[in-house]
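Student: I'm new to this one. Can you put it up and walk me through a few spots?
Tutor: Here it is.

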Amino acid sequence: MKNHIITPTFVDHFIYIDKYLESAKNNILDKDDVVFCFTIEKHEHDELESITKKYSSILNIEIIHFEMLLKHFEIERTPRELLKLYGKYSYQTLKKIYTMLYIQAERFLVLDSESMWLRPVSMAQKFDEYFSSPFIAGSSISNRKNIDLVMLDAIKNVDYLLNYECDKWFLENFVWYYDKNILNTLFKETSSPIELVDCIYQKSKYNHIKSGVLEIILYHNYIYKHADRYGYNVIDIDEELTKYLTEDNIECYKNDFYHECQGRNGLVELALNYLTPSNVNQIAQLFINNKFDIIRCENSFKGYKLQKQFEAMVKPIIFAASQEHLFGINAQPKIAAKIKSKHQISRAKSFTRRAIKFTFRQISPSYKVVSEMRDMFNAHIHDHYRMENSLRHEVRTTLQGQPTAILRTIEDIKNENTENILQGYNPQDFSRKNILLIGDYNTNMGVYLLSSQADLTFAHSSTEELRITKNKFPNSKIVQITDNFEDVLSELCPRYDLIIHISAINEWNTKLLTQSFRLSENVIFATHISDEHINDEVLEKNDLVESFLLDDERYSFIHSIDNYKLQMIKHGWKVKTKKRDIIGSWPNSPSICYWFCQR
């Protein structure tokens with residue numbers, strides 16, 4: 001059976017296809033045993049065929065329409081609808097995965113349009129070499145000084161789909177071989193590709209970062225989870241760098257890595273950008289011994305001599321993900337001159353933009369303020385996600401197994417900054433917990449819990465609230481609490497790890513909450529404070545301790561909600577909700593939240 005090379009592409013990347021196929025024609029020795037499959041949308045067919053037809057007598061080329069794949073797998077959406085709904089990452093994943101599931105073959109190599117072959121090679125031999133001793137390579141996320149937000153979100157999404165927390169980023173090279181049997185088992189044990197993508201969309205559609213599902217991360221994480229089953233060698237990039245580089249070279253290498261990409265990408269994904277005279281031989285040996293022969297090279301103009309030395313030692317067969325280098329076909333003088341000219345123009349434009357920004361900062365106070373505020377905001381977001389990533393693996397204090405995290409006093413919080421406050425927050429406290437959310441239909445608590453990967457069920461009393469929730473969270477689990485609420489809650493509450501009430505203070509809600517406390521050992525209560533509630537008479541009547549008949553010795557409360565984020569604080573029991581400056585879930589009025597846990 002022939003080996004298949006899968007390349008999903010689109011019209012804006014057709015400019016790379018000519019070099020892609022020309023390099024394949026010049027270097028692949030067993031052309032008859034290789035099939036090139038390009039997956040595109042139907043309206044792009046003629047334009048792609050005008051490029052591929054001159055190679056069709058030499059190479060086996062198939063053009064597959066994405067619309068046909070969707071029809072075959074009974075997906076009632078157009079490619080445009082999928083792209084708009086799920087975003088480019090999940091869209092690309094669907095194109096790649098469904099192409100491989102459709103084709104009658106067992107082994108695949110996935111390449112992007114910008115790939116180029118560099119030297120003569122038998123692809124059948126390369127397929128055999130890989131599958132006779134398969135491997136995956138990943139670097140630790142928790143060890144990183146900085147972490148890209150999209151990367152972190154992509155890892156969380158796959159963790160959620162596989163119900164397995166993985167600390168590795170499996171995109172360190174472009175040795176992207178796929179085994180059809182593993183793909184089939186993956187989707188048999190989880191769900192279909194479209195259902196997985198839709199699951200992540202429903203979970204994160206209210207997030208400001210939408211990485212979707214990255215197919216190579218999903219595939220390699222699944223193999224990593226079942227390492228004993230499949231026998232893949234797992235290469236730890238952090239250990240490999242320590243093994244091959246000296247201590248000084250490791251420090252310099254990582255400094256260059258963080259300076260250039262701020263925590264994006266794999267540690268050695270762009271290793272050719274961080275070559276120095278003292279590390280080039282060491283990194284080359286790392287690649288040789290681990291059989292990384294499909295790699296990425298770009299920006300070769302600033303370190304071409306070192307990259308040329310590296311390329312001669314490693315002898316990669318393909319440079320993937322970029323054609324902005326001076327190797328292979330691009331080494332020809334005329335082509336190299338064009339690439340250098342294009343690079344110089346790009347650098348000039350970049351320098352001009354930086355100069356204009358610098359000038360505006362000097363002469364325009366308002367621009368300076370806006371620019372600095374933007375930089376501060378980006379830094380704050382980055383620090384928060386970096387902090388959140390470190391907390392993923394923090395050993396947390398628990399009370400009888402309940403998700404209370406690190407309990408701290410409110411006096412401590414008053415004297416500490418936001419970073420220390422967030423010490424007690426961890427989304428894993430809610431991840432995969434069975435949670436019953438009662439009464440919430442106009443706040444962001446449901447959004448937060450779904451984004452934290454909770455197994456969430458909404459509960460409402462009124463028909464109107466049910467309707468609003470169904471529209472806001474389609475395909476979610478929703479139950480109705482009737483007048484006979486004691487029987488309903490008696491049946492519901494024991495099923496859940498945590499009960500959350502989001503409601504105003506009134507007689508009906510107090511009854512529901514009191515019943516929840518009788519049936520559950522872990523309850524959160526949040527309420528908003530409108531103008532009519534801010535008076536001593538109402539506060540006295542609705543004193544929480546008296547209303548719920550709770551024993552001060554039996555419960556501690558945890559006050560939280562700060563723009564989706566729960567911050568856990570231990571405090572004394574008697575509380576008067578007189579402050580109006582508490583940030584909460586309701587946009588037009590202050591709010592306060594109490595988390596009650598049995599001691």
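Predicted model: local features only at pLDDT ≥ 70, side-chain atom pairs only at ≥ 80, totals over all residues.

Student: OK, and which residues of helix H13 are buried?
Tutor: Helix H13 covers residues 280-289, and its buried residues are Val280, Gln282, Ile283, Ala284, Leu286 and Phe287.

Student: New topic. Where does alanine 320 lie?
Tutor: Alanine 320 is part of strand S11, which runs over residues 318-320.

Student: Buried or exposed?
Tutor: Alanine 320 is buried, because its relative accessibility is 2% and the cut-off for buried is under 20%.

Student: What does alanine 320 touch?
Tutor: Leaving out residues up to four places away in sequence, alanine 320 is in contact with Asp112, Ser115, Phe174, Ile294, Ile295, Arg296 and Cys297.

Student: And how far is glutamate 298 from alanine 320?
Tutor: Their C-alpha atoms are 9.6 Å apart, and the two residues are 22 residues apart along the chain.

Student: Switching to the surface: which residues form the positive patch?
Tutor: Arg347, Lys349, Arg353 and Arg354 form a positive surface patch.

Student: Where is arginine 347 found, and is it buried or exposed?
Tutor: Arginine 347 sits in helix H15, residues 333-363. Arginine 347 counts as exposed because its relative accessible area is 57%, and exposed means over 50%.

Definitions and conventions
Residues numbered from 1 in each chain as written. Heavy atoms only, no water. Helix = DSSP H or I, 4+ residues; strand = E, 2+ residues; numbered from the N terminus. Buried < 20%, exposed > 50% of the residue type's maximum accessible area, 1.4 Å probe, protein only. Contact = heavy atoms within 4.5 Å. Patch = residues over 30% accessible without salt bridge, like charges linked within 9 Å, V, L, I, M, F, W, Y side chains within 5 Å. Areas by Shrake-Rupley, 256 points an atom, 1.4 Å probe, with all protein chains shown as cover. Salt bridge = Lys/Arg side-chain N within 4 Å of Asp/Glu carboxyl O. Lys, Arg positive; Asp, Glu negative; His and termini not counted. Charge placed at Lys NZ, Arg CZ, Asp CG, Glu CD.
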